[in-house]
Amino acid sequence: MALKDKALSVREKAYAPYSNFKVGAALTAENGETFVGCNVENVAYPEGTCAEAGAIAAMIAAGQTRLTEVYVVADAPKPVSPCGGCRQKLIEFGEGDVVVTMATVDGVEQRMTLSDLMPGAFTEAHLENT
Ligand code: THU
């Protein structure tokens, strides 16, 4: 199944009763395996956990630490854009040239690299004097 279809499929399982905004994410790890995540909200923290964070957690739990491709989809008027926290999480595990495809369920897609999504990212390079 293509990354797009995995993201669309997991999106249906999202638990988003507070925002009613379901998001699905799928990523490919360095070894070729794919991992998926959906957003999971709760009453105390209605923003919950993002789909991207869920997919990253699944990858890490499976022992993979590098991602090479990401697909995020939601039912929105324009392609869904990863939040700031997720951008930082994605850059932790992917090179700047990794392509993130942001999409709507209607099939509108926008592709951006992690560098474009997170210009001037705080990275390990900033810790070099420590
Ligand atoms: N959300 C994601 O899961 N990923 C994004 O890229 C944007 C936002 C979720 C968080 C929350 O459950 C809902 O969408 C509304 O913000």
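In the predicted model, Asn20 lies in the loop that joins α1 (3-11) to β1 (23-29). Its relative accessibility is 64%, so Asn20 counts as exposed. The phi angle of Asn20 is near 55°, a positive value in a residue that is not glycine. Most residues other than glycine have a negative phi.

Together with Tyr15, Tyr18 and Val40, Val43 makes a nonpolar surface patch of about 410 Å².

Thr104 belongs to strand β4, which covers residues 99-104. Thr104 counts as buried because its relative accessibility is 3%, below the 20% limit for burial. Apart from neighbours within four places in sequence, the residues in contact with Thr104 are Val73, Ala74, Ala76, Pro77, Lys78 and Pro79.

Over the whole chain, the protein contains four helices and five strands, arranged from the N terminus in the order α-β-β-α-β-α-β-β-α. The radius of gyration is 14 Å; a compact globule of 130 residues would have a value near 14 Å, so the two agree. Along the principal axes, the C-alpha atoms fill a box of roughly 45 × 35 × 30 Å. Buried residues make up 39% of the 130 in the protein. Among contacts with a separation of 6 or more, 58% are between residues 24 or more positions apart.

Terms used. Residues are numbered from 1 along each chain as its sequence is written. This is a predicted model: local features need pLDDT of at least 70, side-chain atom pairs count only at pLDDT 80 or more; totals for chains, interfaces and linings use all residues. Side-chain values use heavy atoms; hydrogens and water are left out. Helices (H or I, at least four residues) and strands (E, at least two) are DSSP runs, numbered from the N terminus. Buried means under 20% relative accessible area, exposed over 50%, partly exposed in between (1.4 Å probe, protein chains only). Contact means heavy atoms within 4.5 Å. Patches are made of residues with over 30% relative accessible area and no salt bridge: like charges are joined within 9 Å, nonpolar side chains (Val, Leu, Ile, Met, Phe, Trp, Tyr) within 5 Å. Accessible areas come from the Shrake-Rupley method with a 1.4 Å probe; for residues, only the protein chains shown count as cover. A salt bridge is a side-chain nitrogen of Lys or Arg within 4 Å of a carboxyl oxygen of Asp or Glu. The radius of gyration is taken over C-alpha atoms; the globule rule is 2.2 Å times the number of residues to the power 0.38.
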